Amino acid sequence: QGFTGVVAPQRQQQSISRIQSSTRQNVSTKATTTTALQSTETPKETTWDRITGPKLFKTVTNWNGIHSVPLVPLRIMTGLLMMHHGSEGGVLPANFGTPEFQGFIDFIVKPYFSFLPGPPELWSAIHDYAEFYGGLFLALGFLTRPASLSLLVTMMGAVYFHLSSSGAQGFPLGHVSNYSYDFEEPMLYALICLMFWFNGAGPLSVDSIIYSKISQEEEEA
């Protein structure tokens, strides 16, 4: 019994020592891990880093969120400008009998689009309706893809007219003496409409509201 009484406290002391040693090792390991994580953390990116860092060369592949914001003024202003182009001789399109509408027939449709079947008045009216109502739908973001397609076709017709009447005007490096770069404006409109035809209206549009109601697809993260 005396021997057993001496050994028991020794074993208890050894167990306590092992526990203390294990605790110190765990604390040391956690401290080492925390230090390693802190040393490998990426510094917080600032606005200046986004402008001058590697993202300067990055192409956006997902147009959701903040990247879709520029689409809103681009779509709306393009649509409103198209409406303005489509109101020949008045507020609404196809103002038959006005000098402006008749001038479009006589100086554009007849000499440059005589190959189209049917009366030139018909095609002049179609042109106005496509620009006015296509522009309205584009600005609202309603039926954006068909509206963009109709505007794209109309703008390509305008590009054809300007190239036929005044040529390329020394594009891309030549200077135009009267500062009227004729075909470039409809070309830019055509490219904008091509983008909306491919990608749709974007945010703040009637199309996006309709799609959210009828779509069975889960929204992308």
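User: Where does Pro172 lie?

Analyst: This is a predicted model, and in it Pro172 sits in the loop between α6 (144–166) and α7 (184–199).

User: What joins Phe171 and Pro172?

Analyst: Start with the general idea: most peptide bonds are trans. Here, Phe171 and Pro172 are joined by a cis peptide bond, with omega about 10 degrees.

User: How should I read phi, and what is phi of Leu143 near?

Analyst: In general, most residues other than glycine have a negative phi. In this model, Leu143 is not a glycine, yet its phi is positive, near 50 degrees. Leu143 belongs to the loop between α5 (120–140) and α6.

User: Is Leu143 buried, partly exposed or exposed?

Analyst: Compare the relative accessible area with two cut-offs: under 20% is buried and over 50% is exposed, with partly exposed in between. Leu143 has a relative accessible area of 41%, so it is partly exposed.

User: What is the phi of Leu204, and where is Leu204 placed?

Analyst: Leu204 has a positive phi of about 50 degrees, and it is not a glycine either. Its place is the loop between α7 and α8 (206–214). The relative accessibility of Leu204 is 69%, so Leu204 counts as exposed.

User: How many salt bridges does the structure hold?

Analyst: To find one, look for a side-chain nitrogen of Lys or Arg within 4 Å of a carboxyl oxygen of Asp or Glu. The structure holds 1 salt bridge. It is formed by the side chains of Lys110 and Asp106, at 3.4 Å from N to O.

User: Are Lys110 and Asp106 buried, partly exposed or exposed?

Analyst: The two cut-offs apply again. Lys110 has a relative accessible area of 42%, so it is partly exposed. Asp106 has 31%, so it is partly exposed too.

User: How many helices and strands does the protein chain have?

Analyst: The protein chain has 8 helices and 0 strands. Read from the N terminus, the order is α-α-α-α-α-α-α-α.

User: What share of the contacts is between residues 24 or more positions apart?

Analyst: Consider the contacts in the protein chain with a separation of 6 or more: residues 24 or more positions apart account for 64% of them.

Methods. Residues are numbered from 1 along each chain as its sequence is written. This is a predicted model: local features need pLDDT of at least 70, side-chain atom pairs count only at pLDDT 80 or more; totals for chains, interfaces and linings use all residues. Side-chain values use heavy atoms; hydrogens and water are left out. Buried means under 20% relative accessible area, exposed over 50%, partly exposed in between (1.4 Å probe, protein chains only). Helices (H or I, at least four residues) and strands (E, at least two) are DSSP runs, numbered from the N terminus. Contact means heavy atoms within 4.5 Å.
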